[in-house]
Amino acid sequence: MLIRLVGLVTIEPDGAPPQHLSSAQAQVAFARLLLERASGTDRCQLAETVWPEGLPDTWASALRSVVSRVRTFVTTPGDPPGSTPLVAQGGRYVLRIPQDAAVDVECAETAVTEAAEAYAEGGYAVAQQLAAGAVTNLRGSFLSSHEGEWVNAMREQLEELRLKALETASLASSALGDEHHALRYAEEAVRRAPFRESAYRCRMTAHTRAGNRAEALRSYQQLREVLAEELGIDPAPETEAAYLELLRTPQPHPAPRRYTYVDPVLMGMFEVAPTATPQPCSLADRGCAVHVAPRAS
């Protein structure tokens with residue numbers, strides 16, 4: 001079972017058609033209950049998440065109605081008669097999902113962590129594929145029909161996760177001599193976070209490894225101007241050190257291209273081709289969906 005919170009809120013049972021949750025109030029309640037399932041969600045906090053601008057006079061009964069929609073959404077024909085995955089316990093709601101269920105944002109977080117570890121250990125191909133898969137699965141909006149403190153906080157967390165994935169994917173691609181993807185991911189990181197120095201450093205690295213020091217220096221100058229004009233600050237010492245290293249280093253030759261294949265399955269981690277033979281991915285032990293093994297060339 002795959003549960004998507006980014007984009008259209010969906011449950012995709014194994015071997016069954018996807019189930020969509022259309023109600024905006026039920027979507028945000030389901031998202032919080034799902035992400036806090038380990039400890040449960042306080043009833044009042046859940047109500048404030050559903051109605052961030054103020055609770056209605058009859059919020060208790062209205063919340064029960066929203067919870068009932070969520071309960072219907074998560075209950076499957078395989079559940080024993082009279083049982084439900086969503087229960088009330090001591091003023092909290094607790095959602096139980098199958099242990100083998102995968103949640104898109106949780107799998108993306110795991111992939112970004114493992115990608116950073118792989119990159120630090122020199123496993124650039126693994127780092128590239130894991131980070132690229134996380135980027136793909138974080139595309140789209142989180143609960144676009146809803147606002148509020150909890151939703152906004154989650155969006156900020158997911159945006160930071162997306163930026164880390166983009167930067168790791170760019171750096172790993174640079175290390176592999178994959179100029180196209182290195183620049184693609186770095187450019188997107190800069191576009192999404194125009195004051196983020198680490199994103200600019202990724203772009204400088206991508207240009208440098210591609211043998212284009214002039215563009216790397218131009219990227220630094222762009223950052224310097226943006227920071228000065230918008231924030232009134234200079235680049236951080238780490239960025240300055242990268243710039244000075246560029247000035248001291250002779251014009252490099254393009255890095256040899258050691259890796260050219262980005263696994264299309266990890267670029268869309270949960271999209272399984274119907275004609276391919278499924279194989280468990282590197283996140284299988286954490287409840288990720290089944291992926292497709294690349295076809296032999």
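Q: Which residues does Tyr 93 touch, not counting residues up to four places away in sequence?
A: Tyr 93 touches Leu 33, Gly 40, Thr 41, Arg 43, Leu 46, Leu 63, Arg 64, Val 67, Leu 86, Val 87 and Ala 88. Contact here means heavy atoms within 4.5 Å. The model is a predicted one, in which local features need pLDDT of at least 70, side-chain atom pairs count only at pLDDT 80 or more, and totals for chains, interfaces and linings use all residues. Residues are numbered from 1 along each chain as its sequence is written, and side-chain values use heavy atoms, with hydrogens and water left out.

Q: Why is Tyr 93 called buried?
A: Buried means under 20% relative accessible area, exposed means over 50%, and partly exposed lies in between (1.4 Å probe, protein chains only). Tyr 93 has 8% relative accessibility and therefore counts as buried. Tyr 93 is found in strand E6, residues 92–95.

Q: What makes Ala 16 partly exposed?
A: The relative accessibility of Ala 16 is 36%, so this residue counts as partly exposed. Ala 16 is placed in the loop between strand E2 (10–12) and strand E3 (19–20).

Q: How many helices and strands make up the secondary structure of the protein?
A: The protein has 11 helices and nine strands. Helices (H or I, at least four residues) and strands (E, at least two) are DSSP runs, numbered from the N terminus. Of the 297 residues, 46% count as buried.

Q: Why is helix H4 called roughly antiparallel to helix H5?
A: Helix H4 (residues 104–120) and helix H5 (residues 124–137) pack at an angle of about 160°, with their axes 8 Å apart. Angles under 35 degrees count as roughly parallel, over 145 as roughly antiparallel, 65 to 115 as roughly perpendicular and the rest as oblique. The angle therefore makes H4 roughly antiparallel to H5. Axes are lines fitted to C-alpha atoms, for helices over the stretch in contact, and angles run from 0 to 180 degrees between N-to-C directions.

Q: Which residues of H4 and H5 meet, and how do they divide by class?
A: From H4, Ala 108, Ala 111, Val 112, Glu 114, Ala 115, Ala 118 and Tyr 119 meet Tyr 124, Val 126, Ala 127, Leu 130, Ala 131 and Ala 134 of H5. These residues divide into 12 nonpolar, no polar and one charged. Ala, Val, Leu, Ile, Met, Phe, Trp, Tyr, Cys and Pro count as nonpolar, Asp, Glu, Lys and Arg as charged, and the others, Gly among them, as polar.

Q: What makes H5 mostly covered?
A: Of the 14 residues in H5, 10 are buried. Among them are Leu 130, Gly 133 and Asn 137.

Q: What covers the buried residues of H4?
A: The cover includes strand E1 (2–4), helix H1 (24–35), strand E7 (102–103), H5 and H6. Asp 104, Cys 107 and Thr 110 are among the buried residues of H4.

Q: Why is helix H8 called roughly parallel to helix H10?
A: The axes of H8 (residues 197–209) and H10 come within 10 Å and cross at roughly 15°. That angle makes H8 roughly parallel to H10. Glu 197, Arg 201, Met 204 and Thr 208 of H8 form the contact with Glu 238, Thr 239, Ala 242, Tyr 243 and Leu 246 of H10. By class, this contact has four nonpolar, two polar and three charged residues.

Q: How is it known that Thr 239 is buried?
A: Its relative accessible area is 0%, and Thr 239 is therefore buried. Thr 239 lies in helix H10, residues 237–248. Not counting residues up to four places away in sequence, Thr 239 touches Glu 197, Arg 201, Tyr 220 and Leu 223.

Q: What is the phi of Leu 143, and is this residue buried or exposed?
A: Phi of Leu 143 is near 50°, a positive value in a residue other than glycine. Most residues other than glycine have a negative phi. With a relative accessible area of 2%, Leu 143 is buried. Leu 143 is found in the loop between H5 and helix H6 (149–175).
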